[in-house]
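Keep the sequence and the 3D view open as you read.

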Amino acid sequence: MLGTGMRVLGRLEVWKLGVVNYLDALKTAGKAVGLGQIGAELHYTQRGGDITFHGPHQAILYPIVSLREMGLGARRFVEKLELTMIDLAGLYGVKACPGQSGETGVWVGERKIGAIGVRISNGITSHGIAFNIDPDLTYFRHIVPCGITDKE
């Protein structure tokens with residue numbers, strides 16, 4: 001355990017489907033059935049967004065906060081998550097920026113290094129961010145990450 005309410009998982013290779021996604025985002029032969037053959041699992045979630053991957057060498061943060069108490073709306077909360085990842089990248093000399101219009105997350109050029117998928121229920125957030133540090137990128141070949149077909 002790290003701090004109050006935080007824990008670190010040992011090994012995790014999963015794809016997470018948000019409520020917007022459809023199995024079309026999977027590129028594996030046999031779709032969800034073939035995932036075990038490449039060492040991954042598929043989990044359906046109630047968060048926003050499309051399919052994403054969580055695995056080793058990613059920083060996964062799922063803040064649970066009251067947006068009302070913070071005086072934030074959903075869009076501003078997502079922007080703050082983006083800025084947090086941009087600041088983190090900057091600490092390591094990586095120049096990251098928010099996506100183009102309609103592209104949430106954090107980018108370095110045409111490559112996405114930080115994904116956001118949140119759920120807000122009664123003003124309380126769950127789910128959050130996946131920030132790529134040095135993940136095995138081969139897992140991303142099996143999906144259309146975040147539903148974006150023309151970028152990495």
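Glu79 and Arg75 form a salt bridge, with their closest N and O atoms 3.4 Å apart. Here a salt bridge is a side-chain nitrogen of Lys or Arg within 4 Å of a carboxyl oxygen of Asp or Glu. Because Glu79 and Arg75 are four residues apart in helix H2, about one helical turn separates them. Before we go on, please note that this is a predicted model, in which local features need pLDDT of at least 70 and side-chain atom pairs count only at pLDDT 80 or more, while totals for chains, interfaces and linings use all residues. Residues are numbered from 1 along each chain as its sequence is written, and side-chain values use heavy atoms, with hydrogens and water left out.

By this rule, the count comes to three salt bridges. You can look them up here:

| Salt bridge | N to O distance |
|---|---|
| Glu79 and Arg75 | 3.4 Å |
| Glu82 and Arg75 | 3.8 Å |
| Arg76 and Glu79 | 3.4 Å |

Arg76 and Glu79 are three residues apart in helix H2, so they too are separated by about one helical turn. Through shared partners, the salt bridges join Arg75, Arg76, Glu79 and Glu82 into one network.

Which of these residues is buried, and which are partly exposed? For this, buried means under 20% relative accessible area, exposed means over 50%, and partly exposed lies in between (1.4 Å probe, protein chains only). Glu82 is buried, at 6%. Glu79 is partly exposed at 28%, as are Arg76 at 35% and Arg75 at 45%.

Now for the sheet. Five strands form an open sheet in the order S4-S8-S7-S6-S5, with antiparallel pairing. Strands S4 (58-61) and S5 (97-98) stand at the edges with a single partner strand each, so one side of each has no neighbour in the sheet. Helices (H or I, at least four residues) and strands (E, at least two) are DSSP runs, numbered from the N terminus, and two strands pair if DSSP finds at least two bridges between them.

Strand S6 (residues 106-108) runs antiparallel to strand S7 (residues 111-121), and three bridges join them. In this pair, Val108 stands opposite Arg111 in S7.

Helix H2 (residues 74-91) packs on the sheet, touching S5, S6, S7 and strand S8 (124-132), where contact means heavy atoms within 4.5 Å. The direction of H2 makes about 145° with that of S7; axes are lines fitted to C-alpha atoms, for helices over the stretch in contact, and angles run from 0 to 180 degrees between N-to-C directions.
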